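Good morning, and thank you for the time.

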Amino acid sequence: MPSSLILDDPAVAYPARSKGELRLAYRLYRVVTNRLLYKIGMPLLMLASRIPLFHPLIRATLFRIFIGGETVAEVLKVSERLYQHGVYSILDFAVERAESPETQQKVLQAVYENIDRAVERDEIPLVVFKLTGITGVELPERISLGTATEAEKQRWQGYEEKVREVFEYARQRRITVCIDAEESWIQPAIDALVHRLTWEMNKDFPVVMQTIQLYRTDRLEYYQWYIDECRLRGVYGAMKLVRGAYLEKERRRAAEKGYPSPVHKTKAATDRDFNRAVLLSIAHADRIRSIIATHNVQSCQLAVDELQQRDLPMNHSNIWFSQLYGIRDNLTFALARIGANATKYIPYGPVKEVIPYLLRRMSENADALNYAPEELRLLKKALS
Ligand SMILES: Cc1cc2nc3c(=O)[nH]c(=O)nc-3n(C[C@H](O)[C@H](O)[C@H](O)COP(=O)(O)OP(=O)(O)OC[C@H]3O[C@@H](n4cnc5c(N)ncnc54)[C@H](O)[C@@H]3O)c2cc1C
């Protein structure tokens with residue numbers, strides 16, 4: 001019997017939200033769906049995030065719907081609540097601009113602490129971080145473009161050592177740690193570092209997890225190569241699949257600099273590659289651990305059908321699903337309801353750090369707004 005995801009039942013969609021939160025979410029989504037209010041609201045919010053007087057207001061509104069909290073204690077409460085309803089949490093320490101050593105140190109510290117939390121808590125299955133949160137963006141960009149000086153190459157080597165220590169810490173504790181994917185002109189340095197660590201660390205367990213963006217024209221082929229390479233080397237693979245957050249930025253830069261755009265021309269082509277990657281993940285679930293990170297229902301339903309077709313358990317230890325906190329809760333809880341490994345990606349951190357981060361994520365994920373009308377309709381139903 002095929003499992004269908006139930007998406008339009010508010011009782012399934014919002015089991016972990018109070019009526020007050022649903023009312024608040026409804027108001028926020030109304031702002032988001034109103035283009036004018038949205039345009040005016042975003043810069044105002046950015047300004048407000050810099051003025052402590054407005055912080056209580058931000059905490060009482062946006063934070064309750066899209067952010068786990070300012071402190072670890074707060075976000076852990078959220079993750080416990082989600083877990084009571086069968087949903088796991090992936091904690092995402094939110095910082096902007098990690099060029100200063102102090103911020104980089106904070107990010108590194110958060111990664112170690114989140115590894116410890118994943119050991120201690122069943123509701124936290126794995127850990128994620130953005131490599132440029134530790135290294136800044138300038139250095140990996142120069143390494144990727146081949147313009148780094150000898151001194152910069154050595155500095156990069158130093159970062160690689162730090163990251164290796166993180167993964168060694170995770171390896172000893174058997175925790176998977178995922179590195180996010182970034183812009184294509186930064187990614188080669190990240191990929192090269194991740195490969196070295198994958199071959200080294202993933203012998204007994206998928207410790208090092210990479211991310212691929214399937215809006216890139218070359219990534220499906222790359223994924224096939226990666227799987228073959230893992231099998232050839234006798235190591236476990238681990239891959240987060242995303243469509244990709246920097247579509248416009250990629251196209252703009254390619255046009256400005258006069259090289260062919262690295263991203264697909266159409267959404268349909270991105271969808272096709274993403275769905276093929278989903279099928280590859282499931283076909284190789286014996287050796288490859290994947291996160292199907294998407295708000296797209298068709299891609300999730302495809303994965304669910306494929307798991308059934310192959311007679312694999314819905315909660316296969318190597319197949320995970322993830323959506324951002326506050327976005328498409330109906331999909332996450334529908335996945336949990338049929339027994340899949342459903343997770344929420346929950347950002348947390350201080351208001352002045354998280355708001356710029358949230359705004360960037362919202363502009364990068366402008367497509368998430370496509371779901372807002374549906375979200376509104378469901379929230380209205382839940383409140384009626
Ligand atoms: C848990 C989680 C983790 C994430 N981690 C990362 C990460 O590490 N790195 C990263 O880059 N992103 C990341 N993202 C964001 C992700 O890449 C997408 O931007 C976002 O999820 C929207 O895509 P979708 O699959 O959810 O939904 P959909 O609405 O089905 O797809 C929207 C996406 O399709 C693509 N697209 C839209 N229009 C076109 C077009 N005309 N031509 C070609 N392609 C098009 C774009 O990638 C767009 O974001 C993450 C998302 C989630 C949920």
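This is a predicted model: local features need pLDDT of at least 70, side-chain atom pairs count only at pLDDT 80 or more; totals for chains, interfaces and linings use all residues.

Let me begin with the ligand. How many residues surround the ligand? The shell comprises 30 residues, and the closest are Lys 240, Gly 244, Thr 294, Asn 296 and Tyr 371. Sorted by class, the shell holds 12 polar, 10 nonpolar and eight charged residues.

Arg 243 places a polar side-chain atom 2.8 Å from an oxygen atom of the ligand. In the case of Arg 251, an N or O atom of the side chain is 3.1 Å from a nitrogen atom of the ligand. His 295 takes part through its backbone, with an N or O atom 2.8 Å from an oxygen atom of the ligand. As for the area involved, the ligand taken alone exposes 930 Å², and the protein buries 94% of that.

Which elements give two or more residues to this shell? They are strand 4 (208–213), strand 5 (237–242) and strand 7 (319–324), together with helix 13 (247–257) and helix 14 (267–283). Strand 7 gives the most, with three residues.

I now turn to the helix pair. Two packed helices are described by the angle between their axes and the distance between those axes. Here the pair consists of helix 7, residues 101–120, and helix 10, residues 150–173; their axes come within 10 Å and cross at roughly 10°. Angles under 35 degrees count as roughly parallel, and helix 7 and helix 10 are therefore roughly parallel to each other.

Which residues meet at this contact? From helix 7 come Gln 104, Leu 108, Val 111, Tyr 112, Ile 115, Asp 116 and Val 119. On the side of helix 10, they meet Tyr 159, Lys 162, Glu 165, Val 166, Tyr 169, Ala 170 and Arg 173. By class, this contact has nine nonpolar, four charged and one polar residue.

Finally, I draw your attention to two backbone angles. Arg 174 is not a glycine, yet it has a positive phi of about 55°. Arg 174 is placed in the loop between helix 10 and strand 3 (177–179). Asp 311, also not a glycine, has a positive phi of about 60°. Its place is in the loop between helix 15 (297–309) and strand 7, and strand 7 is the element that gives the most residues to the shell around the ligand.

Thank you for your attention.

How values were computed. Residues are numbered from 1 along each chain as its sequence is written. Side-chain values use heavy atoms; hydrogens and water are left out. Axes are lines fitted to C-alpha atoms, for helices over the stretch in contact, and angles run from 0 to 180 degrees between N-to-C directions. Helices (H or I, at least four residues) and strands (E, at least two) are DSSP runs, numbered from the N terminus. Angles under 35 degrees count as roughly parallel, over 145 as roughly antiparallel, 65 to 115 as roughly perpendicular and the rest as oblique. Contact means heavy atoms within 4.5 Å. Ala, Val, Leu, Ile, Met, Phe, Trp, Tyr, Cys and Pro count as nonpolar, Asp, Glu, Lys and Arg as charged, and the others, Gly among them, as polar. A residue is near a molecule or strand if one of its heavy atoms lies within 4 Å of it. A polar contact is a pair of N or O atoms within 3.5 Å; within protein, one must be able to donate a hydrogen and the other to accept it, and residues adjacent in sequence count only if both atoms are side-chain atoms. Accessible areas come from the Shrake-Rupley method with a 1.4 Å probe; for residues, only the protein chains shown count as cover.
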